[in-house]
Amino acid sequence: MARFLVRRILAMIGVLFAISVLTFLIFQAIPNGDPAVRLGGRTSTPETRAAIRKDWGFDKPIYEQYAITMKKIFTGTVVSYSQQVNVVDEIRRDLPATLSLAIGSAVIWLGFGILFGVISAVKAGKLTDRSLTVLSLIGVSTPVFLLGALVLYLFAYKIQIFPAGGYVPLTQDPSGWLTHLILPWFVLSVLFIGFYSRVLRSNILDTINEDYVRTARAKGLSERRVLIHHVLRNSLIPIVSLFGLDFAAVIGGGAILTESVFNLQGVGQYAANSIQQLDVPPVLVITMFGAFFVVVLSAVVDIIYAILDPRIRLSG
Amino acid sequence: MAQPLLEVEDLRVSFATDQGTVQAVDGVSFHLNPGEVLSIVGESGSGKSVTAMSIVGLTRGPNARISGSVRYQGKELTTASNEELQAIRGDQIAMVFQDPMSSFNPVQKIGDQIIEAILAHRDMPKDEARARAVDSLGSVGIPDPSTRAQHYPFEYSGGMRQRAMIAMALALEPAILIADEPTTALDVTIQAQILELLKELNAERDLSVILITHDLGVVAEIADRVHVMYAGQIVEGGTLDEIFYDPQQPVHVGADGLIDAARSAAARSPAADRGAAALADLAARRLPLPASLPARVRQVRRAAGA
C-alpha cells in the first residue's frame, strides 16, 4: 500500500509537470497571446507594454518565466492577466458550484445508468431493450448546448417551473440551490446515462453466461439474488473506473458547456472565459487542478478495484 | 423394490438457434434408485449435460422447449414453478460442474458462497451457517477449513476448488448429487482423489449420484449402472459389467469404432456406405453439426445395422 501511494504521488508530480509545461508552451505559441497586451489593455502604448514586460519578467527566457509562474501557483499568489485577481481565490469561489453540479449529476447518472443498463440487459432483444438503446444513443449524441437550450426553453421559459440558470449556494438557500441545479444535473447526466447503460448492459450480458452464475442458480438462489449478487455485482466493477475518471473530469472543469449554458459560474465556466481572453494563469491552474483530480481519483479507483476484485493487487 | 428417487421419462429438450432447432435431448428415460451411482456417458454434444441441467430446470429459457417428465420423489419437476424448483435446487438435488476454476464467483470468498447456498434454504443465524460451511469444507478433506473458508477461489488449487464445490453441494445434505464432468478439468491424480471422495460420500451418506462423463475410466471406478448417450438419446443401458463386457452398441468404443462398424456394414448394403462416409465426415469435424446431427446419425446407425 505504501509503495502504491509513493508510486502514485510520483506519477502525479510527473503528470502535473508535463501538463503544465504543455499548457504553458501552447500559450506561448498562440499568436496574439502577448500577456503584456492583456495586462496593459488594447490601447496601451508600446512603452507601457515594454515596462510591463520588464516588470512581469516576460522578457526573460521561457524556462525562467515558467519557473516564476509555477512558484506563484504553488504559493497561491498567481493573478490573472486580464483582471489581475488571484486565480486560486477565484477557483475557490467557483468550486462549490462545480462540486454541486458534479456530485448531484453523478448520483443521477449512476442511478439511471445502472437502472437502464439492468433493464436493458434483462429484457435483451425485446422492445424495452430496443427503446432504451435508441434513447441512450440519442442521449449520447445530443450536444449539451442543444439539450441545455431546449430544457431552458421548455422548463424555464414555456412552463416556468425552474429558474433560467445561475447558481445559489446551498448554505444560503437550500431550495433555491436545488431548483437552480435540477436542469443542469439532468442535462449533464444524459450523456453519461446513455453511455453507462450501454456499457453495463453488455457487461451484464457477458457475465450472465459465466459458469458461476449457473452455479448460483444451481444452489437454488432466487433469480433476483442471482442477478444482484452475482451478475450485477461483478458487472459493476468495470463501471467503477469509468466513473472515477468521468467524475474527476467534471470536477476539474470538464463540464464547461453545461456550466456555461446554465451560467453556473463554476470552474468550467471560469476556464471557458479565461480561454476566450487568452489568460494564461487561470487556464494553467485549472488544467493542473483537473489533472490533479484525475490522478487522485484514478488512484482511489484502483484501491476500490482491489477491494471489489481481490484478484487484483495494488502495484501502481 | 423401493420407489426410484428420480424418474425421467421421455425427456426432450430442444433449443431454437440461429442455425435452426437443435434437438439436444431426444426422448431420454431413466431412473435413479436411492443410494445408487448412475453414470451417463457419451461424447461431447451427446446431450448428457443438457439432460442433467434439465432435471432441475436449469435449461429453461425463452429459446428452450422442454417436454416429457422428470419426477423427484413422485413430484413432477418439468411443470413445477420456478420457485418450487429453486426450493429443490441445492437443497434436494445439488450439482457440481465441470470447471471448478470458473464455477465459483471469483470475487467472493469460498465460505461466503457456501453460506449463501445454506441461507437460501435454511432459516438460521449466519454464524450457524458459517459453522456448517466450515464443517462441510472439512468433510471433503480441505485442511484447516475455517481459514480456507476466508479465502477467495483464486487462492485455491483446481483440485481443492472442486472439493470446495462438492462441499458447497453437500452442505445441505441433498438426496441427489448431479456431477457434470466433475473430474474432466483436473489432472489425473486429482481426478482419482475426487472420485474416491464421491465414492466415500455415496457409501457413507447414502447419497445418490448421477455422474456425467465422457471418460469410461471414471465410470468403471464408481458407477453401479451406466447409460450411454448418443445424439440426444440413450442408446444403451445396463450395469457396469454389461456395458463393459457385453457392449451392444459400437458408440462407446469411440467414434473410430463406430466408423469401423459402419464400414464393415457397408459391405452388406450400399446405403451403409453412404452412412459410413457421412460418419467419417462427422468424426473428422469432432463436434458435429448441431441442427442436422441427430437425424443423420440415426440414419447412419440404421444403415450400419448398428
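In chain B of this predicted model, the axes of helix H5 (residues 126–139) and helix H7 of chain B cross at roughly 130° and come within 8 Å. An angle over 145 degrees would count as roughly antiparallel, and 65 to 115 as roughly perpendicular; H5(B) and H7(B) are therefore oblique to each other.

**The helix pair**

- The crossing in which H5(B) passes H7(B) is right-handed.
- On the side of H5(B), the residues that meet the other helix are B:Ser136, B:Leu137 and B:Ser139.
- Their counterparts in H7(B) are B:Ala164, B:Ala167 and B:Leu170.
- By type, the residues of this contact between H5(B) and H7(B) comprise four nonpolar, two polar and no charged.

**From helix to sheet**

- Helix H7 of chain B, residues 158–170, also lies across strands E6 and E7 of chain B.
- Relative to E6(B), helix H7(B) runs at about 170°.

**The sheet**

- Six strands of chain B form an open sheet with mixed pairing, in the order E6-E7-E8-E3-E9-E10.
- The edges are taken by strand E6 (93–96) and strand E10 (233–239) of chain B; each has a single partner strand, so one side of each is left without a neighbour in the sheet.
- On average, and with direction ignored, neighbouring strands of this sheet are turned by 15° against each other.
- Strand E7 (residues 176–180) of chain B pairs with E6(B) in the parallel sense, over four bridges.
- Within E7(B), B:Ile176 is the residue that B:Ile93 stands opposite.

Technical notes: Residues are numbered from 1 along each chain as its sequence is written. Chains are lettered from A and ligands numbered from 1 in the order in which they are written. This is a predicted model: local features need pLDDT of at least 70, side-chain atom pairs count only at pLDDT 80 or more; totals for chains, interfaces and linings use all residues. Two strands pair if DSSP finds at least two bridges between them. Helices (H or I, at least four residues) and strands (E, at least two) are DSSP runs, numbered from the N terminus. Axes are lines fitted to C-alpha atoms, for helices over the stretch in contact, and angles run from 0 to 180 degrees between N-to-C directions. Two residues are in contact if their C-beta atoms, placed from the backbone, lie within 7 Å. Angles under 35 degrees count as roughly parallel, over 145 as roughly antiparallel, 65 to 115 as roughly perpendicular and the rest as oblique. A crossing is left-handed if the near helix is turned anticlockwise from the far one by less than a right angle, and right-handed if clockwise. Ala, Val, Leu, Ile, Met, Phe, Trp, Tyr, Cys and Pro count as nonpolar, Asp, Glu, Lys and Arg as charged, and the others, Gly among them, as polar.
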